[in-house]
Amino acid sequence: MAYLKHKRILLGITGGIAAYKSADLVRRLREQGADVRVVMTRSACEFITPLTMQALSGRPVHTELLDYSAEAAMGHIELARWCDVVLIAPASANFMARLTHGQADDLLSTLCLAASVPLLLAPAMNQQMWLNPATQDNARLLTSRGITLLGPADGSQACGDTGPGRMLEPGDLIGHLDHVFQTNTLTAKKLVITAGPTREDIDPVRFISNRSSGRMGYAVARAAVEAGAEVVLISGPTSLELPERVFCQQVVTARQMHDAVMNEIRDTDIFIAAAAVADYRCSTIADQKIKKTDAFINLTLEKNPDILGEVASLSPPPFTVGFAAETEALLENARKKLINKKLDMIAANLVGDNRGFESEDNELQIIWKDGNIKLDHAPKEKLARNLVAIIAKHIHEKNSAQTH
Ligand code: C5P
C-alpha cells in the first residue's frame with residue numbers, strides 16, 4: 001500500500017446500505033496520504049449524510065449537477081480532470097444500468113462520462129439483483145469498455161439473503177486502487193532525472209536563478225518509481241518534499257548537476273532533463289558582497305555545460321528526453337531542440353503569465369521524431385504519469401524493433 005500518497009481519488013457513492021463502509025474507506029484512504037473528493041447520488045444521501053463524508057474527507061461533498069455555487073467552485077468537468085482515478089463504492093444496480101447506457105442525468109454519471117482516468121466499480125446489491133441477466137449483461141458490457149469491476153463478494157447480506165452482492169471490504173478496495181498506480185512498465189530500468197532550478201553565485205549573498213519549482217521533475221520521478229524504475233533524482237534547490245523510494249542527490253550549480261549526472265549515467269536506460277539549468281554562470285564570483293557604488297556594473301557570464309546535449313551524444317545514449325519551456329512558437333522551437341540535441345523525445349510547454357513554472361497544473365506537448373501528442377491542462381502528477389507511460393511505450397517499441 002505505498003502508491004496512494006498524494007493521489008487524487010474521486011469516490012462516488014450510490015444508494016445502498018454498503019454506503020456506511022464508504023465512510024471507513026475514506027478514512028483509510030486519507031491515512032494513506034490520498035486526496036479524496038466525494039460525490040454522492042441523491043439516494044446515497046438517504047443512507048449516509050454528506051456531512052459525515054465531508055468531515056472524513058476534509059473536503060466539501062459534491063451532490064448536485066446543476067448547482068451554480070457548487071459548479072462555480074468545482075464543476076463536473078473540473079472534477080473529472082482533477083482526479084487520477086474514479087472509484088464508485090458502492091455501485092448500485094441502478095447506477096451500473098445508467099452507466100451502461102451512458103446517461104448523464106446527475107453529477108456522478110456525468111463526470112463518469114467526462115473522465116478519462118481509470119474507472120473502478122465496487123458493486124453492492126441483493127444477490128438476486130446481481131444475478132439478474134440485466135445486471136450481468138451490464139457488468140459484461142462495462143468490463144468490455146475497460147471499466148474494472150471489483151467484486152462483489154459472496155456472503156450474508158443486510159437483507160438476510162446469502163450470495164454474491166456484498167461490497168468488497170475497504171481494505172480490499174484500497175489494495176485494488178494501489179494496483180492502478182503500480183504499472184510496472186519500466187521494471188528493471190534505471191532512470192536518471194534532473195529537476196528544479198540551478199543557482200549561479202554572483203557574490204556570497206546573491207545568485208542568478210530562475211522560477212522553476214521542480215514540481216514537474218519530482219512528479220515524473222514519482223511516476224517512474226510507480227512504473228517500477230530505479231530512479232536517481234538530481235535536484236537543484238527546491239522547497240519540495242523528497243520523493244520516497246528515489247535516490248536523491250541535491251546540487252546547487254549547473255556544473256555540480258553536470259558532474260552528478262555524468263557520475264550516474266553509466267548503465268542508465270532513460271535520462272530525463274526536467275531541470276531548468278542556468279545556461280550561463282558568472283566568470284568570477286566576488287569574494288565579498290558587491291557594494292552599490294557605481295550606477296552600472298557589469299557581470300561577465302560564461303556558458304555552462306549542456307547536460308542534456310552531452311548525454312544525448314554518448315555512445316550509446318540512453319533514451320533521452322528533454323523539456324522545452326518556451327514563451328513563443330512552442331512546437332517549432334521544441335522540434336528544433338529535438339533535432340539539434342538528437343533527443344528521443346521532448347516535452348514542451350509555454351511559460352510566463354502564471355503558466356508552467358510556479359503553478360501546480362500545466363499542459364504539455366510531447367514530441368518525437370515522427371509524431372506528437374498533446375496532454376491537456378491537468379495537475380503535474382497526472383501529466384507526469386502520462387509522460388512516463390508514453391516514454392515506456394516508445395522504449396518497448398524501440399526494443400522490439402531492435403530484436404526483430
Ligand atoms: O536549449 P535549452 O536549454 O532550452 O533546452 C532545455 C532542455 O535542456 C531542458 O531539458 C534542460 O533540462 C536541458 N538543459 C541541460 N543543461 C543545460 C541547459 C539545459 O540539461 N545547461
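I began with asparagine 184, which is partly exposed at a relative accessible area of 46% (buried means under 20%, exposed over 50%, partly exposed in between, with a 1.4 Å probe and protein chains only). The model I am reading is predicted, so I note that local features need pLDDT of at least 70 and side-chain atom pairs count only at pLDDT 80 or more, while totals for chains, interfaces and linings use all residues. Residues are numbered from 1 along each chain as its sequence is written, and side-chain values use heavy atoms, with hydrogens and water left out.

Backbone entries. I found asparagine 184 in the loop between H10 and strand S8 (190-195), with helices (H or I, at least four residues) and strands (E, at least two) being DSSP runs numbered from the N terminus. Its phi is positive, near 60°. I looked up arginine 245 as well, and its phi is also near 60°; arginine 245 lies in the loop between strand S11 (230-235) and strand S12 (247-250), and is partly exposed at 46%. I logged these because most residues other than glycine have a negative phi, and most peptide bonds are trans.

Cis bonds. I noted a cis peptide bond from alanine 89 to proline 90, with omega near 0°, and proline 90 belongs to strand S3 (residues 85-91). Another cis bond joins serine 315 and proline 316, where proline 316 sits in the loop between helix H13 (307-312) and strand S16 (319-326).

Strand S18. I placed glutamate 363 in strand S18 (residues 361-368), and at 36% relative accessibility glutamate 363 counts as partly exposed.
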